[in-house]
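Trainee: Hi, could we go through this model together? I'd like to start with the backbone and then look at the ligand.

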Amino acid sequence: MQLTEEELGMLDGKYGKGTQIAMKIQVALGDVFNAERMVPVSRTHVALSNQEADLWFVEKMVNAGAKCRVSPTVNPGFNLEYFQCITKISKKDEETILRTRKAYKDVGATLTFDCTPYLEKNVPRFGEITAYSESSATPFINSVYGARTNRESAQSALCAAITGRTPLYGFLLDENRKGQVLVDVKAKIKDDFDYQLLGYAVPKKLKFKTPVFVNVPTSPSPAALMNLGAQLNTAGNVPMYHIVGVTPEARTVEDAFQGSDPENVITITEEDLEKVHDEITDPGGKIDFALFGCPHFNIDQVAHVSHLVDQKQLKVKLFIMTSSLTKELAHRMGYLDTLQAAGGDIVDDTCMDQPCWEFLYGKKGVTDSPKCAYYTKRRNMQFVIRNVDECIEAAMRGEI
Ligand code: F3S
């Protein structure tokens with residue numbers, strides 16, 4: 001790789017051991033992907049996991065004196081103080097989350113602890129070169145904003161935050177951003193939930209390809225776009241999609257394919273959505289809880305649930321995961337009070353794939369998120385997947 005004088009200085013240790021390790025990793029990555037050079041990044045996001053391997057790496061960087069040049073926002077772990085009030089948190093889990101907070105603070109991260117920073121704190125402009133890890137973030141950055149990121153790991157994104165550089169390859173290059181497969185959506189896409197199913201159904205027919213959607217509504221909500229990307233990337237490693245007439249690099253079909261022909265054309269029918277729904281949902285029955293916010297709910301989604309439960313009583317506990325910024329806004333708007341009066345709550349700084357939910361292991365809940373159901377299988381949590389309105393009705397009845 002061709003490196004600038006400053007980048008060579010990083011590699012030689014002129015800027016400290018931590019920066020040197022980060023640059024070494026990035027040069028190795030660049031070599032693997034045949035990158036010719038590095039490019040500066042203006043934004044970063046690290047999908048910390050609050051698990052041992054993640055901690056090992058960030059603490060290693062802190063101990064080597066690393067400090068981020070481009071402060072990253074970070075994914076949620078869990079809100080220790082909240083969960084200590086409602087359940088028992090083991091000493092080991094308490095120690096891990098406290099170490100995670102300290103390590104990311106020390107390395108110079110911005111402690112947002114949310115998985116949708118691209119909606120409220122870390123918002124790029126068109127064409128900006130960034131390094132985002134997190135499965136709902138990378139498709140949103142690439143597809144909806146037309147900014148550029150590869151599908152980073154937490155570690156490669158942290159290295160980019162430390163050096164302020166990333167190797168130039170993959171989705172940073174024009175030619176790799178073109179659509180590959182035309183997805184003709186014959187199914188009727190009625191609401192945000194249908195985008196979850198669409199995102200899960202497409203990788204059943206193609207994987208590792210950039211889809212170009214036609215015949216979907218041309219004014220999807222931010223939540224719909226977030227859902228689509230999160231499920232595409234979870235089910236099929238798809239960090240970018242185009243919707244003709246919606247996303248900025250797809251004003252027309254020709255635009256989306258950069259003048260080439262699609263490699264393939266697939267259709268998605270009602271039956272495809274029903275089939276994928278049947279595959280991923282657990283069967284109905286009595287439920288013990290409702291869980292939303294995977295990815296973190298935005299304020300409009302919180303408002304919607306709050307309206308649905310206003311003056312009503314839930315039969316099972318309901319949790320909405322969101323960012324602390326959105327929780328504060330929900331508090332100001334009165335949504336938090338409404339939810340709490342109905343028997344629900346908003347939990348900030350928290351991911352569903354964390355040990356703080358141990359009190360729900362072995363139980364059955366409702367959610368609108370296939371991603372939530374997918375990740376929690378290993379934690380022995382069962383989920384009936386429905387749209388938000390149906391989930392709320394179920395939470396009021398205690399069964400579905
Ligand atoms: Fe967010 Fe965790 Fe789901 S990071 S998208 S709540 S798996």
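Mentor: Happy to! Helices (H or I, at least four residues) and strands (E, at least two) are DSSP runs, numbered from the N terminus. This is a predicted model: local features need pLDDT of at least 70, side-chain atom pairs count only at pLDDT 80 or more, and totals for chains, interfaces and linings use all residues. Residues are numbered from 1 along each chain as its sequence is written, and side-chain values use heavy atoms, leaving out hydrogens and water.

Trainee: Thanks! Where is N215 found?

Mentor: N215 is in the loop between β7 (211-214) and α9 (222-236). Its phi is positive, about 70°, although N215 is not a glycine. Most residues other than glycine have a negative phi, and most peptide bonds are trans.

Trainee: And which residues does the cis peptide bond join?

Mentor: C294 and P295, with omega about 0°. P295 is found in the loop between β10 (289-292) and α12 (299-309).

Trainee: Now the ligand: which residues surround it?

Mentor: With a cut-off of heavy atoms within 4 Å, the ligand is surrounded by N75, P76, C115, E134, G293, C294, P295, C351, M352, K371 and Y375.

Mentor: Into seven nonpolar, two polar and two charged. Ala, Val, Leu, Ile, Met, Phe, Trp, Tyr, Cys and Pro count as nonpolar, Asp, Glu, Lys and Arg as charged, and the others, Gly among them, as polar.

Trainee: Switching to helices, at what angle do α8 and α11 pack?

Mentor: Helix α8 (residues 192-205) and helix α11 (residues 270-280) pack at about 90°, their axes 9 Å apart. Axes are lines fitted to C-alpha atoms, for helices over the stretch in contact, and angles run from 0 to 180 degrees between N-to-C directions.
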